[in-house]
Amino acid sequence: QKFVYDFTEGNRDLKDLLGGKGANLAEMTNLGLPVPPGFTITTEACKVYLDSGDAPKELRDEVSAHLDALEAKMGKKLGQADDPLLVSVRSGAKFSMPGMMDTVLNIGLSDKSVTGLAKQAGGDERFAWDSYRRLIQMFGKTVLGVDGELFEDALEEAKTAKKVKVDTDLEAADLKRLVKKFKKIVSDACGRDFPQDPREQMDLAINAVFDSWNTDRAKLYRRQERIPGDLGTAVNVCSMVFGNLGPDSGTGVAFTRDPASGHQGVYGDYLQNAQGEDVVAGIRNTVPLADLESLDKKSYDQLMQIMETLETHYKDLCDIEFTIERGQLWMLQTRVGKRTAGAAFRIATQLVDQGLIDEAEALQRVNGAQLAQLMFPRFDDEAKTQLLGRGIAASPGAAVGKAVFDSYTAVKWSRSGEKVILIRRETNPDDLDGMIAAEGILTSRGGKTSHAAVVARGMGKTCVCGAEEIEVDTKRRRLTVGSTVVEEGDVVSIDGSSGKVYLGEVPVVPSPVVEYFEGRMHAGADDADELVEAVHRIMAYADRRRRLRVRANADNAEDALRARRFGAQGIGLCRTEHMFLGERREMVEKLILADTDDEREDALKSLLPLQKKDFIELFEAMDGLPVTVRLLDPPLHEFLPDITELSVRVALAESRKDANENDLRLLQAVHRLHEQNPMLGLRGVRLGLVIPGLFTMQIRAIAEAAAARKNAKGDPRAEIMIPLVGSVQELEFVREEAETVIAEVEAAHGIDLKLALGTMIELPRAAITAGQIAEAAEFFSFGTNDLTQTVWGFSRDDVEASFFTAYLEKGIFGVSPFETIDRDGVGALVKQAVEAGRRTRPDLKLGVCGEHGGDPESVHFFHEVGLDYVSCSPFRIPVARLEAGRAAA
Ligand code: ADP
Ligand code: MG
Ligand code: MG
């Protein structure tokens with residue numbers, strides 16, 4: 001096994017082994033770009049170090065061999081007194097990770113070689129001592145663990161003493177004095193002197209990079225970003241080039257195109273006479289990259305040339321770091337750059353237009369999460385705002401409301417019609433009511449897997465968490481940021497997509513992408529947004545490629561019409577229980593309370609025309625497309641009054657001796673129907689089998705509605721779906737009844753309704769016996785919400801708020817199984833049921849109607865197992881279309 005690779009040996013595909021930085025340095029080297037020579041120590045070496053506490057035995061010799069080669073190439077030795085080779089030691093994992101060790105520059109400088117460096121730089125003492133003080137500072141802080149402020153304070157003091165503002169105004173003598181001070185800081189803090197041996201400096205720095213993989217901050221970051229903890233980091237040793245050699249030197253960062261808009265142009269910052277970190281550290285004012293043209297035309301032109309080479313080579317937006325040493329340009333880093341969601345769409349289509357990538361590749365450059373982000377309403381960019389602070393963007397959206405600091409107030413105020421933002425240090429299960437009542441949630445502690453973040457995402461509620469600058473004082477009901485105080489009742493605005501928190505009301509504008517899907521903005525129109533054009537094209541790429549059809553979960557004509565505008569190809573789930581609410585509740589009550597057949601039939605008769613009318617409207621809205629109607633599913637007690645409230649009412653009435661007959665009967669029924677685990681109780685097909693006439697009424701309503709639509713020359717395509725089936729016998733009972741009713745309606749109208757009858761697969765037993773169930777079902781629709789509950793044995797309504805945070809933190813699952821399908825468990829059952837079902841009935845139609853139907857990763861899974869369609873809420877349809885296209889591309 002080889003632990004060290006020269007930059008000439010690697011390439012960009014070796015990110016696992018060489019880390020992102022190392023792999024791309026190698027790629028640039030092999031492209032012939034000016035990269036300072038160097039080598040990369042692999043992540044494998046790091047893994048050995050982390051496992052055993054020691055670097056692999058062979059590493060020292062391999063590093064020596066590569067260092068020898070580097071010295072030979074450069075014609076000088078590391079730290080050589082009269083002409084020192086200096087190197088940087090740079091961390092670089094597969095994924096870039098803030099929270100890990102930074103880079104140490106200028107390794108190889110010592111009390112001796114600092115003079116050699118000055119001599120080689122044409123007697124530039126200032127430069128040499130500046131480099132040396134930087135080394136001690138960076139090395140002291142990141143390798144020896146000395147408090148960085150000690151160095152910064154000493155630097156400030158030196159500037160004040162000299163009455164200058166910026167570090168470049170310090171002269172050689174000042175810096176020499178500073179170096180002495182820095183060395184003292186090191187020996188005081190560490191009980192040892194700053195190491196003078198260059199090789200020791202390098203080895204200590206390498207080990208420090210290895211160790212930095214496991215700092216608390218790095219671990220936290222990995223947990224939040226779901227980066228595996230065992231990848232390890234690579235270490236890059238790179239010969240130094242100097243941007244701090246005077247005005248003809250400098251350092252900068254650049255993007256090959258604008259990461260916000262995607263536009264091509266000159267984007268970046270440059271800083272004269274500076275080294276590495278200075279650009280981002282903001283110690284002096286940078287100039288726009290375009291100004292480099294007048295400062296150093298030759299380097300500027302070369303840089304533009306290189307940027308073009310990189311874009312054509314990587315076929316994507318790249319960001320880069322470069323340094324100019326006395327008019328000579330050096331490339332120090334590149335990678336495919338981060339970008340906003342909007343830019344991702346624009347860049348993908350721009351690259352297609354440039355002929356750099358094809359449509360299928362364009363689909364891989366964007367994703368459903370980005371599209372979803374673009375669909376949230378957002379704060380008006382043009383609005384004047386006062387930024388209060390910034391936290392983690394935990395759950396997207398733009399929320400505005402009055403600040404409240406406890407759940408009780410949140411609920412109370414929202415009941416009286418106020419919009420509130422619930423602000424807590426952290427939330428816990430007691431805050432649930434308040435979270436539901438609030439427009440958005442803001443916390444000052446916790447990351448993406450904190451209670452607030454997990455629960456808010458589950459509820460689709462805007463959330464910013466871990467806004468650390470904000471001090472939350474729940475006792476005094478206020479928050480402070482610096483000197484700003486926000487009292488209870490003051491308005492705040494939070495942006496769950498950027499993590500920004502504002503004081504006061506920021507106006508919200510609708511997303512242009514939603515305006516487009518709604519048909520209020522058109523691609524190709526003169527005033528169409530560039531983003532809309534890009535989304536329009538990408539959606540077309542996806543629609544052309546996808547095999548999965550996309551349907552909507554919609555219960556009424558209004559939702560159905562919106563779903564159609566969003567591209568739905570039918571309804572995969574119409575929940576009929578929503579049709580039994582409001583004033584119809586009383587009829588359901590009558591049905592439940594019926595003592596005699598006549599009473600029951602009366603109740604059903606009054607419901608029939610109402611149901612029929614609902615279905616006619618729905619079939620009309622979805623004319624020509626399939627509509628899957630699920631028969632009544634929830635436990636009946638959901639239609640009755642709350643047991644406690646009713647008990648109290650009856651008890652009070654009894655004490656006044658005027659108990660009302662109906663209430664007494666209701667109370668009896670409520671007691672009779674009360675269940676410990678209603679989710680596992682009398683619901684779904686079980687209701688149909690024990691309440692005579694209920695399902696038949698619903699089926700008749702569907703059939704008559706379909707007949708009415710046919711008679712009106714419509715094209716209804718109804719599918720009747722039976723919920724919670726566990727055995728084929730249950731389904732056979734319902735099928736027999738259904739066939740009789742349908743035949744009656746068909747005979748009465750003299751038409752063939754072609755109604756399909758199928759079932760949900762949402763119990764483990766149904767999945768396991770899917771081969772039998774398919775005998776009686778023309779289609780399956782996987783109810784992955786209930787299937788997840790029953791496979792894991794936990795109730796969604798209870799557990800997300802109670803122990804999911806702990807489970808996520810312990811890594812038992814990386815994401816809630818209600819959000820993304822659990823491939824190994826629930827997914828395995830789905831796969832098995834698909835195969836068994838198709839064996840019995842090759843033309844079995846297969847779909848999914850759980851929440852997972854709109855989740856990007858789950859859509860890929862459903863594509864892989866061969867479903868025919870996914871069904872999701874209208875708003876998620878574009879996301880599902882896009883992901884279905886990506887899965888097929
Ligand atoms: P990060 O991952 O934090 O960007 P880098 O390893 O890229 O860390 O280095 C930090 C800064 O130091 C960057 O600006 C980089 O360009 C600069 N730098 C790194 N190595 C060298 C070198 N050999 N010569 C000059 N500058 C360097
Ligand atoms: Mg860098
Ligand atoms: Mg269900």
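Helices (H or I, at least four residues) and strands (E, at least two) are DSSP runs, numbered from the N terminus. The model is predicted, so that local features need pLDDT of at least 70 and side-chain atom pairs count only at pLDDT 80 or more, while totals for chains, interfaces and linings use all residues. Residues are numbered from 1 along each chain as its sequence is written, and chains are lettered from A and ligands numbered from 1 in the order in which they are written.

Of its 889 residues, 50% are buried (20 or more other C-beta atoms, placed from the backbone, within 10 Å of the residue's own).

Next, select residues 418–499, which UniProt, in an unreviewed entry, lists as "domain: PEP-utilising enzyme mobile", in the numbering used here, with the caution that annotations may be inferred rather than shown by experiment. This stretch is 18% helix and 35% strand, and its end C-alpha atoms lie 23 Å apart.

Then display ligand 1 and the 16 residues that surround it, the closest being S88, R90, T103, G276 and L332 (a residue counts if its C-beta atom, placed from the backbone, lies within 6 Å). Two or more shell residues come from each of β3 (87–93), β5 (233–239), β9 (318–325) and β10 (328–336).

Finally, colour domain 1 (4–239) and domain 2 (250–336): ligand 1 lies between them because both give residues to its shell, the bounds coming from an automatic or database domain assignment.

Technical notes. A residue is buried if 20 or more other C-beta atoms lie within 10 Å of its own, exposed if 12 or fewer, and partly exposed in between; C-beta atoms are placed from the backbone.
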